[in-house]
Amino acid sequence: MDEMDTVARLRADLPDPDPDVLTDARTQLLRRMSATPPKRRFGWRPVLARRLAIGVATAAAVAVGAGVVVAVTDGPAGPSHGRPDAASPASLPADAASALTLAADHTTRTGDPVVGAGQYTHVTQDLWQGEYVAGVSFLARMRMEVWVPASSGGVWWWRETDGLGTRFDRAADERKVRAAHPDFFRRKVSVSSGHDGAQDRAPAGQPRPAGNSGTGWAFPTPAFLARQPRDPKKLLAAIEAAQEDSSRTKADLPTLAFLSIAQTMSSGFVPADLRAALYRAARLVPGITLESTASDINGRKGISIGRLLPYGYLRQEILFDPKTGQFLGERQVVVRSTYDDAHRPVGSAYASTAVTVDVTGNPHLF
Amino acid sequence: MGVSEPGGTDADLVLTDFAALFDRHAVAIHRYLARRAGTGAADDLLAQTFLVAYERRGSYDRSRPDARPWLYGIAGNLLRRRWRDEVRQYQAWARTGVDPVAADHAGRVAEAVDAESAAAGLAGVLAALSRTDREVLLLVAWEELTYPEVAAALDIPIGTVRSRLHRARARIRAAVTPSEGD
């Protein structure tokens, strides 16, 4: 018997955990799972991957900055970069319910940008995600874009750009991650195309029927959104009914619905009447709070409405412009420490998605 | 473990069915936590380990079919805050001959006292090891992780695993064979 066997025998006969302990830990996990929307990198990405059956043009790394000349039109909902969008203090709402009502009213009034024949609604999601690599907790940036054609039969385009930037708490942290995982600092671009919100070609170049079987609140298509009720109560009920996680509890459903609303708005191509209804449906979710009337997401300021997620670690927020009702993005803010080196600091965003929408021509990505 | 079981590899479960990942590994993770810090601490930290893992699932290395090293690494991070308690328990064991962790269970005090005195001596050595050397030693001796698995769990190079383990084993050897003592 060598010294390792001797060590191995220490405390070797501890009993298995109490079943109640296992059950309790599992329940906590399920509650957490039911409260989390698919992360963005679990969003389009796996859907695309599934539909692509791995690859297609995804592997075709496009040159950095290759590009698309974006012709921004000045539609009613307009381009959103750099708008001086703070409302006058007198008009700022005092609570979550009135803020959401205001957003809904503005949205109805403002309507949708005009997307002419042959044009595209171009949605950009600018994401910062908490990462933990080589013992270092930091934020990494990526961008996901989709071009939705004006005509229902038109070609959809997607582009995902990884490695757009990082934020470290300390320079030494960055050096450590650079040494261990240089991949985080390399820009990678993948592009793909499809129809009806779905990829329509197989890797081998064989035709693959287009379809939107994977559609739903997490991955909406225009056709799916068109079918949804506009009455806020019915809409909220439909969203709650669509939550499929078997681990949900009845008490979690409103939170799940709030997350679905955040994610659906982030898709960027929800029609104005449904956007207004979604704001009004969010108003019906218990426990929502007005977090700030001047929250900043990627340099744009707006109102943030939050809902504490089950288990109390993260707060889901949606952000919108109080002047126009325009959806600015969503984020998850760390509310309570997990006592874990890897977690982001309390009060900081664990993940954020800034959404901008404009109208372009065909990007012809490949 | 966890590689060829029905239901897919751990890498699949991380993405598709995290609850099944829990079912697959919770007992082993709890056992490791309990051996390190006592049953009470393990009861607290088990859920925490999987919650942290769930939140970090996006950064799971999909090329690794077995999630155990990843889970042990997270559990180890959480234990780090309790390392002083852990050391105090080894010290108490060495001093009194009673393992406080084993004695934690009702009716097990006698068994804990009956434990061979060599065990108490070993506990003293464990208490004296550096935190990092002890962690490598216990992942290999208790959890039977391979060098690459330990390297993955702790995010350190394999060479570092080897040198830490070498150091720890030398200290243990010296303790169990006093004539070669240092």
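L33(B) is in contact with A41(B), A42(B), L45(B), L46(B), A75(B) and L79(B), leaving aside residues up to four places away in sequence. The model is predicted. L33(B) also belongs to the largest nonpolar core, which holds 59 residues.

**Nonpolar cores**

- Within the largest core, the residues with the most contacts are L29(A), L33(B) and A75(B).
- Helix α3 of chain B, residues 39-55, supplies the largest share of this core, namely ten residues.
- In soluble globular proteins, nonpolar side chains tend to be buried together.

**Helix α4 of chain B**

- Helix α4 of chain B covers residues 68-80 and has 13 residues; at 1.5 Å a residue it should span 18 Å, and because its end C-alpha atoms are 18 Å apart, the two values agree.
- Twelve of the 13 residues of α4(B) are buried, so the helix is mostly covered.
- The buried residues of α4(B) include W70(B), I74(B), A75(B) and L79(B).
- These buried residues pack against five helices of chain B: α2 (18-37), α3, α5 (83-96), α9 (131-141) and α10 (147-154).

**Chain B as a whole**

- Chain B contains eleven helices and zero strands.
- Of the 182 residues in chain B, 45% are buried.
- Among contacts in chain B that link residues at least 6 apart in sequence, 61% join residues at least 24 apart.

Notes: Residues are numbered from 1 along each chain as its sequence is written. Chains are lettered from A and ligands numbered from 1 in the order in which they are written. This is a predicted model: local features need pLDDT of at least 70, side-chain atom pairs count only at pLDDT 80 or more; totals for chains, interfaces and linings use all residues. A nonpolar core is a set of buried Ala, Val, Leu, Ile, Met, Phe, Trp, Tyr and Cys residues joined through C-beta atoms within 7 Å. A residue is buried if 20 or more other C-beta atoms lie within 10 Å of its own, exposed if 12 or fewer, and partly exposed in between; C-beta atoms are placed from the backbone. Helices (H or I, at least four residues) and strands (E, at least two) are DSSP runs, numbered from the N terminus. Two residues are in contact if their C-beta atoms, placed from the backbone, lie within 7 Å. The expected span of a helix is 1.5 Å times one less than its number of residues.
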